[in-house]
Amino acid sequence: MIKNVILDVGMVLVDFCWADLLKKLGITGETFEAVADATVRTAEWNEYDRSAVLDEELLACFQAKAPKYAGEIQKFWDHMSGMITQYPYAKAWITALKESGCRVYILSNYARRTYELTKDEGLDFLPLTDGAVFSFETGHIKPEKEIYHVIMDKYGLSADECVFIDDNAANLVYPKEIGWSTIQFRDFAQVQEELRALGVGKV
């Protein structure tokens, strides 16, 4: 029986709208591609979520990948809070899941710096949940196995009582191996249907 709903954040509860932010900052065309290729499209971006490297070092790394666009990368860096927009259904969904008798947890790849920038607005659903584990707290990022055990150990969760919802299929492989139910998030209606099939929720 499912008792614990574990939610990813990006593209599940919030929109990771980095492309929209770049455009709002006037970064378009060739410059858009260069900045994206030097930041969000790099392996180093995962290290940003891990938060094991100093922010200043990571910014310097991004700028070194595209020195010609160092100024635009700095501009993007300075306005990163604007790339997180909470979906309108987020709070109501968490509340409904709780009212249906489930506990709700967060398990997300999320950088310390972005957390500090967005916790009061984009992440203001956190007080509604029963707990959260963010990558920056653990030194591990999904789909590394350790982070899944962190949340189970922290909150005393049993694998057969958990369903994990994430938009990235790669992040669902190991949880399924250890006995979690999993749902790949494509859209809100689809997830509601799959949750109902598991006997979860009433939205």
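I began with a rule: a charge sits over a ring if NZ of Lys or CZ of Arg is within 6 Å of the ring centre and within 35 degrees of the ring normal. I then found arginine 113 over the face of tryptophan 77, at 4.1 Å from the ring centre.

**Ground rules.** I am reading a predicted model, where local features need pLDDT of at least 70, side-chain atom pairs count only at pLDDT 80 or more, and totals for chains, interfaces and linings use all residues. I number residues from 1 along each chain as its sequence is written, and side-chain values use heavy atoms, without hydrogens and water.

**Ring pairs.** I paired rings of Phe, Tyr and Trp (its six-membered ring) with centres within 6.5 Å; planes under 30 degrees apart are stacked, over 60 edge-to-face, the rest tilted. I got 19 aromatic pairs. Phenylalanine 16 and tryptophan 45 have ring centres 6.2 Å apart and planes at 35°, so I call the pair tilted. I noted that ring pairs link Phe16, Trp45, Tyr48, Phe62 and Trp77 into a cluster.

**Buried or exposed?** I used relative accessible area: buried is under 20%, exposed over 50%, partly exposed in between (1.4 Å probe, protein chains only). Phenylalanine 16 is partly exposed at 26%. Tryptophan 45 is buried at 7%.

**A second pair.** I looked up tyrosine 148 and tyrosine 174 next. Their aromatic pair is tilted, with 5.9 Å centre to centre and 50° between the planes. Which of the two is buried, by relative accessible area? Tyrosine 148 is buried at 0%, and tyrosine 174 is buried at 13%.
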